Amino acid sequence: MILMLRLMNTPSGTFDAVPLEDLFPDAGVADFGRLRRSADEIDGVQVSGKPQVWEWFPQHVTFPGRAKAGTPEILLAEVSLYDEGGDWLEVSLDVEWTEDSLLRVCSAISVACWCEVDHNAHYIDPVERTVVGATSLADAFETAAGRFIQWLPGPRDPEFWRAHAGLSPRKHG
Ligand SMILES: [Zn+2]
């Protein structure tokens with residue numbers, strides 16, 4: 001899904017370029033301040049030393065409806081931790097719509113699949129927080145960003161994460 005979205009002309013940039021007020025018209029100024037602080041923390045732990053690049057999807061500011069295929073993402077951050085010889089490991093953080101037109105913030109590690117049956121990717125230890133009731137966008141974002149921050153300096157070996165999740169190891173030769 002993410003691959004498909006990338007084929008479109010997706011705006012991207014550092015967090016200060018993200019049009020928060022346009023993307024999240026129902027959130028408040030206090031929420032945006034907390035989102036920016038989380039984004040600053042993410043920038044602070046980048047192994048590359050470069051600020052995080054975010055992508056956003058203005059076409060998903062309003063809920064696109066259940067019939068639409070795939071997960072409608074609004075804001076996305078991805079970091080490749082490993083990408084060699086057909087094997088890869090990636091961490092992601094995104095704000096997206098649920099099927100019930102609620103906002104949800106998710107973070108996960110995804111790793112290449114080496115099962116007998118090809119699943120393409122596996123999502124490991126995902127954290128998801130839906131913006132509903134007492135949970136604000138900032139609450140959900142801080143929780144997901146906290147996990148994302150823990151993963152960035154963590155193990156960069158896809159084999160470590162497949163073993164952690166009980167998945168098939170990579171086949172060699
Ligand atoms: Zn698999």
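**Exercise 1. Glu55 and its surroundings**

Task: find which residues Glu55 touches, leaving out those up to four places away in sequence.

Solution. Start with the contact rule: two residues are in contact if their C-beta atoms, placed from the backbone, lie within 7 Å. With residues up to four places away set aside, Glu55 touches Thr10, Ser12 and Leu76. Next, place Glu55 in the chain. Glu55 sits in strand β2. Strands here are DSSP runs of E with at least two residues, helices are runs of H or I with at least four, and both are numbered from the N terminus. Now check burial. A residue is buried if 20 or more other C-beta atoms lie within 10 Å of its own, exposed if 12 or fewer, and partly exposed in between. Glu55 has 19 other C-beta atoms within 10 Å, so Glu55 is partly exposed. Last, take a distance. Glu55 and Ala17 are 38 residues apart along the chain, and their C-alpha atoms are separated by 10.0 Å.

Two notes on the model apply throughout. This is a predicted model, in which local features need pLDDT of at least 70, side-chain atom pairs count only at pLDDT 80 or more, and totals for chains, interfaces and linings use all residues. Residues are numbered from 1 along each chain as its sequence is written.

**Exercise 2. The whole chain**

Task: state how many helices and strands the chain has, and in what order the elements run.

Solution. Count first: the chain has five helices and six strands. Then read from the N terminus: α-β-α-α-β-β-β-β-β-α-α. Now compare the radius of gyration with the globule rule. The radius is taken over C-alpha atoms, and the rule is 2.2 Å times the number of residues to the power 0.38. The chain has a radius of gyration of 16 Å, close to the 16 Å that the rule gives for 173 residues, so the chain is as compact as a globular protein of that length. Along the principal axes, the C-alpha atoms fill a box of roughly 55 × 40 × 35 Å. Buried residues account for 28% of the 173 residues. Finally, look at contact range. Of the contacts between residues at least 6 apart in sequence, 55% join residues at least 24 apart.

**Exercise 3. The largest nonpolar core**

Task: identify the residues with the most contacts inside the largest nonpolar core, and the elements that give two or more residues to this core.

Solution. The largest one has 36 residues. Leu75, Ile109, Leu137, Phe141, Ala144 and Phe148 have the most contacts inside it. Two or more residues come from each of α3 (29-44), β2 (54-56), β3 (73-84), β4 (87-97), β5 (103-112) and α4 (137-151). The most come from α4, with eight residues. Zoom in on Phe141. Leaving aside neighbours within four places in sequence, Phe141 is in contact with Leu35, Ser38 and Val105.

**Exercise 4. Packing of α3 and α4**

Task: describe how α3 and α4 pack, and which residues make the contact.

Solution. Axes are lines fitted to C-alpha atoms, for helices over the stretch in contact, and angles run from 0 to 180 degrees between N-to-C directions. The angle between α3 and α4 is about 5 degrees, with their axes 9 Å apart. Angles under 35 degrees count as roughly parallel, over 145 as roughly antiparallel, 65 to 115 as roughly perpendicular and the rest as oblique. Therefore α3 is roughly parallel to α4. From α3, the contact uses Asp31, Arg34, Leu35, Ser38, Glu41 and Ile42. From α4 come Leu137, Ala138, Phe141, Glu142, Ala145, Phe148 and Ile149.

Note on methods
A nonpolar core is a set of buried Ala, Val, Leu, Ile, Met, Phe, Trp, Tyr and Cys residues joined through C-beta atoms within 7 Å.
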